[in-house]
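Dear colleague,

I am handing over the structure below for your records.

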Amino acid sequence: MHQRKSKKILIYFFLLILVGSINNNSTNNLKLEKVKNVNIFGLEKKDQKIILYNLNNLDLKNIFFINKKKIQNIIDSNSLVEEYDVIKRYPHSININIKKTSFIARINQNGKFYLIGANGKLSDNNNSGVKLPYIFGNPEIKEVLELKKIIDQSNIDYSQIKSLYYFKSKRWDLKLTNSIVIKLPEKIEKETLDKISIFLKNIKLENKEIVDTRIKNQIIILDE
C-alpha cells in the first residue's frame with residue numbers, strides 16, 4: 001500500500017514538472033503588444049490632441065507595465081480637467097474619461113486675461129464664450145473659489161454678478177448687472193448674503209446705488 005502511494009506521488013511530481021516546463025516555454029514565446037489606442041472622452045478634439053501628444057512622448061509600452069503616475073501627471077497638468085479616470089482595455093487600449101471644468105470668472109494677471117476654472121486652475125481666455133464676471137484686484141485663486149462657494153450656497157444669483165472687486169484688506173465688492181454695488185464685510189457668511197438678497201427683492205433701488213453691508217446687522221444705502 002505504501003509503495004502505491006509513493007508511485008502516485010512520483011507520477012504527480014513528474015506531471016508538475018512537465019506542466020511547469022510547458023508554461024515556461026509559452027511565457028518565453030509570448031510577445032506583449034505595445035499600447036495601440038489611447039481614447040480620450042470629455043474634451044474637444046483640439047484639447048484631446050494636446051494630451052495625446054504629451055502621452056505619446058511617454059513611449060507607452062505594453063499595457064501591463066504602464067507607469068500610471070506619469071499619465072496622471074500629464075492629465076493633472078491640463079487646466080481644463082476637473083476629474084478623470086484611466087481605464088485599461090486589454091490587450092492594447094487605454095480609455096481616459098474626463099470631466100471638463102466649468103469656468104467661474106475672468107481675471108487679469110500681468111496684463112493678460114485668464115479664465116478661472118472651478119478646479120482652481122487658469123486657462124486661456126479664448127476657451128469660453130460664456131458671460132462671466134470680471135475680477136479686479138489680486139486675490140489668491142483659493143479666495144475666489146471660497147467666495148464662489150458661499151455665493152452658491154446663498155440666495156444671491158451668481159449669474160447676476162457683473163464684476164468682483166478685491167481689496168488688499170481681503171474684502172470684496174460685488175457689482176451687479178443692474179449696476180448696484182454691494183459692499184461686503186470682511187467675513188462673508190451665507191446668512192449675510194441671504195439678508196442682502198431679501199433686501200434687494202423688497203426694496204426698489206435706482207441704478208448706480210451702493211448697498212453697504214460692512215457693518216454687522218446693518219444695510220446702508222449710499223449714492224455712488
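In this predicted model, nine strands form an open sheet in the order β6-β5-β4-β7-β8-β9-β10-β11-β12, and the pairing within the sheet is mixed. The edges are taken by β6 (122–124) and β12 (220–223). Each of these two has a single partner strand, so one side of each is left without a neighbour in the sheet. From one strand to the next, the twist averages 30°.

Strands of a sheet pair through backbone hydrogen bonds, either parallel or antiparallel. Both senses can be followed in the part of the sheet around β7 and β8. Strand β4 (residues 103–109) runs parallel to β7 and is joined to it by two bridges; here Arg106 stands opposite Tyr134 in β7. Strand β7 (residues 134–136) is in turn parallel to strand β8 (residues 161–166), with three bridges between them. Within this pairing, Ile135 has Leu164 of β8 as its bridge partner.

On its way from β7 to β8 the chain passes through helix α4 (residues 141–153), and the three elements make a left-handed β-α-β unit. Helix α4 lies across β4, β5 (112–117), β6, β7, β8 and β9, and runs at about 55° to β9.

The next pairing is antiparallel: five bridges connect β8 with strand β9 (residues 172–176). Leu164 has a bridge partner here as well, namely Leu174 in β9. The two strands form a hairpin with five residues between them, and Lys170 in the turn has a positive phi of about 70°.

I would also draw your attention to the aromatic residues. How many aromatic pairs does a search of the whole structure find? There are four. One of them consists of Phe136 and Tyr165. Their ring centres are 5.2 Å apart and the planes meet at 15°; since planes under 30 degrees apart count as stacked, the pair is stacked. The two residues belong to distant parts of the chain, being 29 residues apart, with Phe136 in strand β7 and Tyr165 in strand β8. Phe136 is partly exposed, at a relative accessible area of 37%, and Tyr165 is also partly exposed, at 28%.

Finally, a charge is found over a ring: the charged end of Lys148 sits over the ring of Tyr158, 4.6 Å from the centre of that ring.

Yours sincerely

Key:
Residues are numbered from 1 along each chain as its sequence is written. This is a predicted model: local features need pLDDT of at least 70, side-chain atom pairs count only at pLDDT 80 or more; totals for chains, interfaces and linings use all residues. Side-chain values use heavy atoms; hydrogens and water are left out. Two strands pair if DSSP finds at least two bridges between them. Helices (H or I, at least four residues) and strands (E, at least two) are DSSP runs, numbered from the N terminus. A crossover is right-handed if, with the strands pointing away from the viewer, the path from the first strand over the helix to the second runs clockwise. Axes are lines fitted to C-alpha atoms, for helices over the stretch in contact, and angles run from 0 to 180 degrees between N-to-C directions. Contact means heavy atoms within 4.5 Å. Rings of Phe, Tyr and Trp (its six-membered ring) pair if their centres lie within 6.5 Å; planes under 30 degrees apart count as stacked, over 60 as edge-to-face and the rest as tilted. Buried means under 20% relative accessible area, exposed over 50%, partly exposed in between (1.4 Å probe, protein chains only). A charge sits over a ring if NZ of Lys or CZ of Arg is within 6 Å of the ring centre and within 35 degrees of the ring normal.
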